[in-house]
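Reader: I have a structure to get through for class. Can you walk me through it?

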Amino acid sequence: MTVQTQTSLPTPPIRALNRQMIVILDFGSQYSELIARRIRETQVYSEVLSYRTSVEQIQRINPKGIILSGGPNSVYDPRAPQCDPQIFHMGIPILGVCYGMQLMVQQLGGNVEKAERGEYGKAALFIDDPTDLFTNVDNGNTMWMSHADSCLALPEGFEILAHTNNTRCAAIANHERKLYGVQFHPEVVHSIGGIALIRNFVYHICDAEPTWTTEAFVEESIREIRAKVGDQRVLLALSGGVDSSTLAFLLHKAIGDQLTCMFIDQGFMRKGEPESLIEMFEGQFHIHVKYIEARDRFIKAIEGVTDPEVKRKRIGHEFIRVFEEESKRLGPFDYLAQGTLYPDVIESADTNMDPKTGERVAVKIKSHHNVGGLPKDLQFKLIEPLRKLFKDEVRKLGRSIGLPEEIVQRHPFPGPGLAIRILGEVTADKLNILRDADFVVRDEIRQRGIYHDFWQAFAVLLPIRSVGVMGDQRTYAHPVVLRFITSEDGMTADWSRVSYDLLEAISNRIVNEVKGVNRVVYDITSKPPGTIEWE
C-alpha cells in the first residue's frame, strides 16, 4: 500500500552511514534495477540515480564506482539523454553498459553510428584481453546483445577488450583511467559469465568491500527506528504478505509494544489465512494485531461490478475508508509504517525523465496497482525501513529475523485478493467456490513438496457455465482455470510444464470437493502476451 500523508519523514538513505557503494546512472534501461540487484548480490551496496545527477552530487556520495546503464535511445539523437561529461574526469572507475558505453565513447571524442546490422539476443563473445574486466570469464561465452548502433572509432587511450562476429568493439577499456565499456548486458541471466564480469568491476577495479549484509542492515535499521520513533506509537497495515510481515517483525524487534498492526479482513483472502495470520502474530510471536472484520461492506462495495479496474478502485477506496475509521478509533498514532520497497522508490523518483520533453526515456514493463493515498488530515509521519531493499533482500531479511518460512516463501498475492481472480461480478457464493478450489491447488503442491517450484500457482473462476455429468445427473456449473507460473521477478513469466498426474489429482479433487464446479482447464499462456493474473 502506498499512501500520502501530511508529514513525510523518509528513512535516511544508507549512504548517510558511510557505506561503500556503486552508483548506477539510469538512462532509461529496463535493466537498471537488475544491475543494482546484481551488484548487491556481491554484498556491495548500490543505488540507481538519474542520469542528470551532477558531478557535485556524485562527489558528495563518494561512490567506489559508477555504472552507466543501457537505454532505448541513440547517442547521436538530438534528445538523447546525456550525463555530465565531467564524471569521466573524477578519477572514479566507470563501466558503461550498451548505451552507457556508446555515450562514454561519444563524449570522450570517439564515433558512434548506426550499425550496418543490429545485434539482438545471444552472441558468442571472443575475449582479446583476458585481464581486469575479463578475469575468470571464459572465452566464447554467450552474452546478451540488444543494440542497433556501434562504436566505429574509439577515444584516445582506449583499446578493444572483446569482440563478437558482428561487433568489433564488444568491450573496451582505458586501463589507466579505469574507464570500461561493454556492448552487451552482463546483468541478465542469459549472459554466461556476466556476474563474474560484474564482480571483477566491483571488487578488483573499484576495490569495494562486501559490507552490504543482512546482519548489518538489521543492526542499522533498529538503531534508526529507535532514534526516530523514540517512545511514540507506530501503526502498520498488515496484509500477511512478506513485505508487511517482515516490516512488522523488524519494527517489533526495535520498539516492541509501541507497534500496533491493523489487519483488515476484506473477505478476499484465501481459505484459513486470516485465522492463521492472527494466531501466528498474536499467539506465537506476541505482536499486537487489531483484527477488523469488514467482509460484508467490501462485498457490498463491489456489488454488480464486472470491470476489473473498477473493482480495484472500489476495493482501494473502501480500504481507505476502513483504515481511516479504525485508525482514529484506535489512535492516536504518531507514525505510519509502510512497506515501500526500492523498486517503488525508483518508479516514483522520476529518475529517467527527459528534461526537454518531460517524457520518460523508457517504457516500464510493469505498473504498480497500489491502494492509493490516505486522507491528508490523518496526522501521520511516515516510516519506511525497507525502502532501500529489493524483494529478494526482504525475503533474506525476514528469514534472518525469524519470520516463518511459510510467509517468507509465500507466493505473491494481489492486493484485491480473490476478487480479481473471479472474472465478472463477485458474490459471496463465488468467493466460497474459488476459496475451496484454491485450497485444493495449494494443498496438492504442498503435499508433494513442490510449492516452492512455482512463482505462483492458483485458480481462477470464470463467469460462465458449462454442461457436465456427475452421478448420471446433468450438471450446469462453473469451470475453474489453473494457473501455474515460473518467473524470476514477475516482470516476465512462463507457464509451468507440470505433470499430468498433478493436473489429474487437482482436477479430480476440485470437481468432487468443490460444489459448483464441473470442469477444470489449464492456462498455457506466458507473460507476455498474457499477464500473470487474469484481471
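Predicted model: local features only at pLDDT ≥ 70, side-chain atom pairs only at ≥ 80, totals over all residues.

Reader: Which way do S12 and S13 pair, parallel or antiparallel?

Author: Strand S12 (residues 259-265) and strand S13 (residues 289-293) pair in the parallel sense, over 5 bridges. Together with helix H7 (residues 273-284), S12 and S13 make a right-handed β-α-β unit.

Reader: ok, and what is the strand order in the open sheet of 8 strands?

Author: The order is S2-S1-S3-S4-S10-S9-S8-S6, and the pairing is mixed. Strands S2 (45-50) and S6 (126-127) are the edges, each pairing on one side only.

Reader: What packs on the sheet at S1, S2 and S3?

Author: Helix H1 (residues 32-40) does, and its direction makes about 160 degrees with that of S2. Helix H4 (residues 194-205) lies across S1, S3, S4 and S10.

Reader: New topic. Where does UniProt put the "active site"?

Author: The unreviewed UniProt entry places that feature at Cys98, His185 and Glu187. These span 90 residues in sequence, but no two of their C-alpha atoms are more than 11.4 Å apart, so they gather at one spot.

Reader: Is Cys98 buried or exposed?

Author: Buried, because its relative accessible area is 4% and the cut-off is under 20%.

Notes
Residues numbered from 1 in each chain as written. Heavy atoms only, no water. Pairing = 2+ DSSP bridges. Helix = DSSP H or I, 4+ residues; strand = E, 2+ residues; numbered from the N terminus. Contact = heavy atoms within 4.5 Å. Axes fitted to C-alpha atoms, helices over the stretch in contact; angles between N-to-C directions. Right-handed = clockwise from strand over helix to strand, strands pointing away. UniProt positions renumbered as here; feature names shortened; annotations may be inferred. Buried < 20%, exposed > 50% of the residue type's maximum accessible area, 1.4 Å probe, protein only.
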